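Hi everyone, thanks for coming. I'd like to walk you through one structure today, so please have a look at it on the screen while I talk.

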Amino acid sequence: MNCEILYLVIPCYNEEAVLPETAKQLTQKITQMIDKKLISPESRIVFINDGSKDQTWHIIESLHQQNPLICGIKLSRNKGHQNALLAGLMTVKEHCDMAISLDADLQDDIDAIDQFVQKYYEGNDIVYGVRSSRETDTFFKRFTAQSFYKVMKTLGVDIVYNHADYRLMSKRALNELEQFKEVNLFLRGIVPLIGFSSDIVTYERHERFAGESKYPLKKMLSFAFDGITSFSIKPIRMITTLGILIFSISILMLLYFLILYFLDKTVAGWSTIVISIWAIGGLQLLAIGIIGEYIGKIYLEAKSRPKFIVETFLQHRSDHSSQ
């Protein structure tokens, strides 16, 4: 079996607290795999600086100078986790045979990397890292995460349950990923659309060993909403169905009041009328809001702005790339 080139792609935003330890552990892992002849000595670790406000990029530059296995990519400004991840994958795809994306905090078990690579050698172009349990999560996070995956499945989105962005993709899969032109990125939904042979690797997720989570509740909810509206039109269809249902009820209520009128009975219920007006008004605003989200995405897609701009790509000379 020929050893092939593996690149680890790690987006970073304000990760100065974890980078030294992350680089140390990943260097040990890559070195062990090279020694076992599981991967090529040309394999690399690539950190992507997503417009960090702390010393993240300076640390990456220092690590690059000290460690021949470490490379760095600096984006011109903060573009968000998904765009930073895509920037890394698209930048390294010409230099590697396969790439594994993972977070800088190493909550994803790096010992699973060997299994990812083994699955690749077995003929899989995409290997998904799937959490075996969520015991380390709080009840709220566990409940919301599981609800999100179930909602996405219900809406018809092909998504791997309990999979985030810890995955292996072959060069062939990365080339096909480049064909997707969405501005509103949701890679967990896009990657399964590629097809090709795939498999999963289960692992235990660890506690974050330093720093703070870059996904507070507000950002998680925004990410989930982007995922839903980027991959399913069922919410619009649900609004249409709801509109038909409310209209049908209003016809029945009209018939009911007509009957009361002809029976010469007093029609009471100003409160009912007011409540109905408010209820219908609220539903209309909700409907307009959801439709507005889709129109907003059409607006962003139509402009076709670049999803990322790479300012600097630090590579070692042995990679036959310019500094």
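Let me start with Glu 42, which is partly exposed, with a relative accessible area of 31%. This is a predicted model, by the way, so please keep that in mind throughout. Glu 42 forms a salt bridge with Arg 44, and their closest N and O atoms are 3.8 Å apart. Is Arg 44 buried or exposed? At 4% relative accessibility, Arg 44 counts as buried.

Here is another pair to set beside that one. The side chains of Glu 94 and Lys 93 meet in a salt bridge, at 2.7 Å from N to O. Glu 94 is exposed, at 53% relative accessibility, whereas Lys 93 is buried, at 5%.

How many salt bridges does the structure hold? The count is 10.

Asp 114 lies in helix α4, and its salt bridge to Lys 29 has the closest N and O atoms 2.7 Å apart. Lys 29 is in helix α1 and Asp 114 in helix α4, so this pair ties together parts that are 85 residues apart in sequence. Both ends are buried: Asp 114 has a relative accessible area of 16%, and Lys 29 comes in at 7%. What else does Asp 114 touch? Leaving aside residues up to four places away in sequence, its contacts are Lys 29, Met 33, Lys 36 and Leu 38. Asp 114 and Ile 30 are 84 residues apart in sequence, and their C-alpha atoms are 9.6 Å apart in space.

Now let's zoom out to the whole chain. The protein chain has 10 helices and eight strands. Of its 323 residues, 44% count as buried. If you take contacts between residues at least 6 apart in sequence, 82% of them join residues at least 24 apart. The accessible surface comes to about 17400 Å², and 60% of that belongs to carbon and sulfur atoms.

On to the strands, and to β6 in particular, which covers residues 163-170. Why do I call β6 largely enclosed by the rest of the structure? Seven of its eight residues are buried, and that is the reason. On the pairing side, β4 (residues 98-101) and β6 pair in the antiparallel sense over four bridges. To find that pairing on the screen, look for Met 98, which stands opposite Ser 170 in β6. Strand β5 (residues 126-131) also runs antiparallel to β6, and four bridges join the two. There, you can look for Val 127, whose bridge partner in β6 is Leu 168.

For those of you who like backbone angles, I have two residues. Most residues other than glycine have a negative phi. Asn 14, however, has a positive phi near 55 degrees. Asn 14 is found in the loop between β1 (6-12) and α1 (19-35), and at 23% relative accessibility it counts as partly exposed. The other residue is Leu 106, with a positive phi of about 60 degrees although it is not a glycine. Where does Leu 106 sit? Leu 106 is in the loop between β4 and α4 (113-121), and it counts as buried at 6% relative accessibility.

Leu 242, Leu 245, Ile 249, Leu 283 and Leu 286 make a nonpolar surface patch of about 420 Å². Two helices, α9 (234-262) and α10 (270-303), each supply at least two residues of the patch. Which helix gives the most? That is α9, with three residues. Leu 286, for its part, is found in α10.

Last topic: cysteines. A disulfide is a covalent bond between the sulfur atoms of two cysteines. How many disulfides does a search of the whole structure find? The search finds zero. As for individual cysteines, Cys 3 is partly exposed, with a relative accessible area of 32%, while Cys 96 counts as buried, at 1%.

That's my tour, and I'm happy to go back to any part of it.

Terms used: Residues are numbered from 1 along each chain as its sequence is written. This is a predicted model: local features need pLDDT of at least 70, side-chain atom pairs count only at pLDDT 80 or more; totals for chains, interfaces and linings use all residues. Side-chain values use heavy atoms; hydrogens and water are left out. Buried means under 20% relative accessible area, exposed over 50%, partly exposed in between (1.4 Å probe, protein chains only). Two strands pair if DSSP finds at least two bridges between them. A disulfide is a pair of cysteine sulfur atoms within 2.5 Å. Contact means heavy atoms within 4.5 Å. Accessible areas come from the Shrake-Rupley method with a 1.4 Å probe; for residues, only the protein chains shown count as cover. Patches are made of residues with over 30% relative accessible area and no salt bridge: like charges are joined within 9 Å, nonpolar side chains (Val, Leu, Ile, Met, Phe, Trp, Tyr) within 5 Å. A salt bridge is a side-chain nitrogen of Lys or Arg within 4 Å of a carboxyl oxygen of Asp or Glu.
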